[in-house]
Amino acid sequence: IGSARHVDAGSRGDRFEGDFYKFINIDTAGKWLDLRTGRAVDKDAVDRQVRIPENLRPNLRMLPYAFFPRSHRLVFVSHLDLKSSLSPGMARSLVEQCLQREDLVERFGKAEVTVEPDRETLRKIFSLPRLKTLRIEVSPPNALADVERRLFQSMDAKNADRLVQEYESRRPEGLRPTEDLKELAEVAQSNGVVSAKGVGDEGRVVSLSTEDHPHQEKIVYNPRLQTAFDALLARAAGIVDRLLARDRNDAAGG
């Protein structure tokens, strides 16, 4: 995380904004290739010619992000151009590494990071003509809606760090998910993972997981009038609001 600035957004709450940095760590102790000769270069020859200061790293790429602490949501630019990209999985690993600092774990406990999935994935799971298996895994949720608060309180009362439910059906009609099960899956998609296997419309076995389909939106902007950072900030709060609104509507049966 290259930078972090606190911004008071008034009625919309505060946020942190900055850049993720990507760069190359060169293993100077490794072997080097001379492109002119096509041969490996003697290490002594490399040491004489190559001088890279310890504090410098090449090929820097900067990708902006915005973090909203009230809703625990982070929005970032995943793909800026052909050379600047950061996959959702890589961003998740980066944030998890930061949160696993010993002093943070001792003070707040272990934190879980979930990549927000495309909301269509869960709908596709429950639309399978024959749902054969279903696995729902929930970490302590961001208690923003009533259903999340109830679940969090239930897990906390049991001193549970994770909730896992698995279902399997060998019957011709497959599983018949109840409304309570669908409600739990709605919470899990933003606080864990939902995966399933079933038979699709064409009679083929289909495997689906919310982990495999991150939520992404395309933003078009004119670089002569606006920076990538400004384009992100113009949309970030709206993206978070829509995700939370969908979650609340889905949990309420809307």
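These legends walk you through several close-up views of a predicted model.

**View 1. The largest nonpolar core brings together 21 residues.** Good places to start looking are I125, L134, I136, V138, L151 and V194, the residues with the most contacts inside this core. Two or more residues come from each of helix 4 (119-126), strand 7 (130-138), helix 5 (146-157), helix 6 (179-190) and strand 9 (192-199). Helix 6 is the top contributor, giving five residues. Another core, of 16 residues, lies apart from this one, and A236, I239, L243 and L244 are among its members.

**View 2. V138 and its surroundings.** Setting aside neighbours within four places in sequence, V138 is in contact with L151, M155, R162, L163, L184, V187, A188 and N191.

**View 3. F20, Y65 and F76 form one aromatic cluster.** The model has two aromatic pairs. In one, the ring centres of F20 and Y65 are 4.8 Å apart with their planes at 25°, so this pair is stacked. F20 belongs to strand 2 (residues 14-22) and Y65 to strand 5 (residues 61-68), so the pair links distant parts of the chain, 45 residues apart.

**View 4. A charge over a ring.** Here the charged end of K182 sits over the ring of F126, at 5.9 Å from the ring centre.

Key. Residues numbered from 1 in each chain as written. Predicted model: local features only at pLDDT ≥ 70, side-chain atom pairs only at ≥ 80, totals over all residues. Heavy atoms only, no water. Core = buried A, V, L, I, M, F, W, Y, C linked by side-chain atoms within 4.5 Å. Buried < 20%, exposed > 50% of the residue type's maximum accessible area, 1.4 Å probe, protein only. Helix = DSSP H or I, 4+ residues; strand = E, 2+ residues; numbered from the N terminus. Contact = heavy atoms within 4.5 Å. Phe/Tyr/Trp six-rings, centres within 6.5 Å; stacked < 30°, edge-to-face > 60°. Lys NZ or Arg CZ within 6 Å of the ring centre and 35° of its normal.
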